[in-house]
Amino acid sequence: MVIAVLALLAGLALPALLKTSEASNQTKCLSNMRQLSAAYLLMVADKDGVLVPNSGGGNTWYNDVDDYMPTKLETSVDWKSLCCPSALAGLAKVGINSSTTSSSRATYGLNSKIDSTGDLKRMANLTKPSATILVGDTKIQSDWTTMGVQKSNIYAWHRKNTKYSICYFDGHSEVVDQVFIDSKNASDIFWKGL
C-alpha cells in the first residue's frame, strides 16, 4: 500500500518537475540571447551603426561579437555555455554530440536579412526596432549551427518543440509560438526591419 501511494505521488510530481525544468531552460535561453544581442548592439555602435551581417570575409557574426562579450568565447566549452539547453537536449536525442561538433558554438542565428548590400544594413534603416528580430532559435543542420536565421530555419526548441525564443533589436526577448512565426513573411517588418 505504501509503495502504491509513493508511486502515485511520484507520478503526480513528475509532470510538474518537467515543466519547471523547461521553464528554467527557457529562461536561460532568453538570458543567453540577451547577452549575445547586447554584445552585438555594442559592436554595431562601435561601427557607427553599420550592422554586421551573418558572415563576411570568412568570419561570422559570432566571431566578430566575441570582443564584446564579458568573457572570451575561444573554445567549444565556452560557446556551449551560451547554447539553448533545450536545443542541446534536442541534439542529444537525435545523436548529435554537441561537445565535439561545431553546433556547440551556439544555437542561435542572426536575422538573415542583415546584409551589407540590402535594406537592413544600418541601425538607422530600422523603422521599428521593437518589432524586428535580431537573433532567434535556429536549426542545426549536418552538425552545424545555421549562422543566419529566417523563416525556413527558425526552430522551435521549447515546450515540446512548439515555442521559439527570439530577441529584437531593441533588446527585449520573448517566447512565441508557431502561429506567430507563420504569420510573418519575408517582407514583414519582423524580418526586414522596414
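This briefing describes the cysteines and the aromatic ring pairs of the structure shown above. The model is predicted, and a search of the whole structure finds zero disulfides but four aromatic pairs. Ring pairs join Tyr-168, Phe-180, Phe-190 and Trp-191 into a cluster.

**Cysteines**

- A disulfide is a covalent bond between the sulfur atoms of two cysteines, and the search of the whole structure finds zero of them.
- For Cys-84, the closest cysteine sulfur belongs to Cys-29 and lies 3.6 Å away, which is too far for a bond, because a disulfide requires the two sulfur atoms to be within 2.5 Å.
- Cys-84 is buried, its relative accessible area being 0%, and Cys-167 also counts as buried, at 0% relative accessibility.

**Aromatic pairs**

- Among the four aromatic pairs found in the whole structure is the one formed by Tyr-168 and Phe-190, which is edge-to-face, with 6.1 Å from centre to centre and 75° between the planes.
- This pair links distant parts of the chain, since Tyr-168 belongs to strand β8 (residues 163-168) and Phe-190 to helix α6 (residues 189-192), with the two partners 22 residues apart.
- Phe-190 also pairs with Trp-191 in an edge-to-face arrangement, where the centres are 4.9 Å apart and the planes make an angle of 80°.

**Burial of the ring residues**

- Tyr-168 is buried, with 3% relative accessible area, while Phe-190 is buried with a value of 1%.
- Trp-191, the partner of Phe-190 in an edge-to-face pair, is buried as well, with a relative accessible area of 2%.

Terms used: Residues numbered from 1 in each chain as written. Predicted model: local features only at pLDDT ≥ 70, side-chain atom pairs only at ≥ 80, totals over all residues. Heavy atoms only, no water. Buried < 20%, exposed > 50% of the residue type's maximum accessible area, 1.4 Å probe, protein only. Phe/Tyr/Trp six-rings, centres within 6.5 Å; stacked < 30°, edge-to-face > 60°. Helix = DSSP H or I, 4+ residues; strand = E, 2+ residues; numbered from the N terminus.
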